[in-house]
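I opened the model today to look up two things. My notes follow in the order I checked them.

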Amino acid sequence: MSESATPIPDEVVELVRNARAITVFTGAGMSAESGIATFRGSGDDSLWGRFDPMMLASVDGWEADRALVWGWYAWRMGQLSGVEPNAGHHALAELANDRSVEVVTQNVDDLHERAGSTVVSHLHGNLVATRCSVCRAPYDGPVTRPEISDDADLDALRVEPPVCASCGGAVRPGVVWFGEMLPERDWDNAVESFAHTDLVLVIGTSGIVYPAAGLPERAAARGVPIIEINPDPSGVGTVTIKSTAATALPALVAALGPRSEA
Ligand SMILES: [Zn+2]
């Protein structure tokens with residue numbers, strides 16, 4: 001059996017067919033097949049394994065070494081600009097042709113948007129939404145990217161952050177760091193979407209942490225079915241498809257088929 005022949009249970013096909021509004025909750029696994037590194041993984045191939053995440057993704061790290069933190073995110077912005085939405089992102093956008101599909105993502109990339117999906121919430125911020133760390137003014141000027149090789153050390157990463165044109169403050173990435181609140185508007189939009197959906201798809205979100213983990217739980221508490229798509233499921237689903245996003249989602253769209261008039 002080829003990978004493209006991932007079987008989609010009839011139950012899942014019926015749930016999606018009958019849903020008028022779907023909320024899709026995505027994590028790192030959604031973007032992995034686009035070549036975006038997953039930062040919660042461990043092991044030698046994980047960038048988290050080479051650098052201290054608390055130094056690169058926390059307010060304390062930023063205060064201690066802005067050039068290192070900015071350089072790291074500038075490198076990631078460069079990585080993001082070089083990758084494309086995968087077949088899973090495109091399938092989700094296609095799913096919205098016949099029903100309301102709202103995406104709530106924990107990813108800081110813009111691959112859902114580039115594929116054409118409606119993203120109502122970036123729970124952990126948006127990498128390229130750079131802004132002033134002092135007055136919050138958006139920054140859309142040039143971003144100098146560090147050139148780093150596989151055996152790069154920290155010095156190679158350092159790039160001084162741009163300076164805010166309004167107040168002279170340092171420009172920072174648009175992501176949520178450890179120790180920061182989730183962005184209020186994105187959180188409210190996520191709660192709203194989960195409160196009104198009749199089906200939840202949880203995709204590529206191993207190890208969801210609170211408060212985000214409470215979103216699918218709230219929907220489940222009012223009887224909303226949860227379909228989890230993940231090669232290594234977290235167990236949040238009432239139905240589970242053990243597969244990757246880029247494999248299962250196109251198979252799901254194919255299984256839905258052209259809708260015949262009932
Ligand atoms: Zn400013």
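From which domains does the lining of the second largest pocket draw at least three residues each? I found two: domain 1 (1–35 + 84–127 + 181–262) and domain 2 (37–82 + 131–172). I note that this is a predicted model.

Entry on the pocket. I looked up the space in the second largest pocket and got about 360 Å³. I then listed its lining, which has 18 residues. Nearest the centre of this pocket I find Gly125, Arg131, Gly174, Pro183 and Asp186. I sorted the lining by residue class: seven are nonpolar, five polar and six charged.

The largest share comes from β3, with four residues.

Entry on the metal. Which residues are the protein donors of the zinc ion? I found Cys132, Cys135, Cys164 and Cys167, each through SG. They lie 2.3 to 2.4 Å from the zinc ion. In sequence I read their spacing as C-x2-C-x28-C-x2-C. The pair Cys135 and Cys167 links distant parts of the chain, 32 residues apart. Cys135 sits in the loop between β4 (131–132) and α9 (154–157). Cys167 sits in the loop between α9 and β5 (171–172).

Why do I call the arrangement tetrahedral? Because the four donor atoms subtend angles of 100 to 116 degrees around the zinc ion, and the cut-off asks for all angles between 85 and 135 degrees.

Last, I checked accessibility. Cys135 is partly exposed, at a relative accessible area of 35%. Cys167 counts as partly exposed too, at 41%.

How values were computed. Residues are numbered from 1 along each chain as its sequence is written. This is a predicted model: local features need pLDDT of at least 70, side-chain atom pairs count only at pLDDT 80 or more; totals for chains, interfaces and linings use all residues. Side-chain values use heavy atoms; hydrogens and water are left out. On a 1 Å grid over the protein atoms alone, a cavity is a set of points where a 1.4 Å probe fits but cannot get out, and a pocket is an open set with protein on both sides within 12 Å along at least five of seven lines; lining residues have an atom within 4 Å of a point. Grid points are joined across faces, edges and corners, and a volume is the space filled by probe spheres set on the points. Helices (H or I, at least four residues) and strands (E, at least two) are DSSP runs, numbered from the N terminus. Ala, Val, Leu, Ile, Met, Phe, Trp, Tyr, Cys and Pro count as nonpolar, Asp, Glu, Lys and Arg as charged, and the others, Gly among them, as polar. Domain bounds come from an automatic or database domain assignment. Donors are N, O and S atoms within 2.8 Å of the metal (3.2 Å for Na, K and Ca); water is not among the atoms, so sites may look incomplete. Four donors count as tetrahedral if all angles lie between 85 and 135 degrees; four count as square planar and six as octahedral if opposite donors are over 155 degrees apart and all others between 65 and 115; anything else is irregular. Buried means under 20% relative accessible area, exposed over 50%, partly exposed in between (1.4 Å probe, protein chains only).
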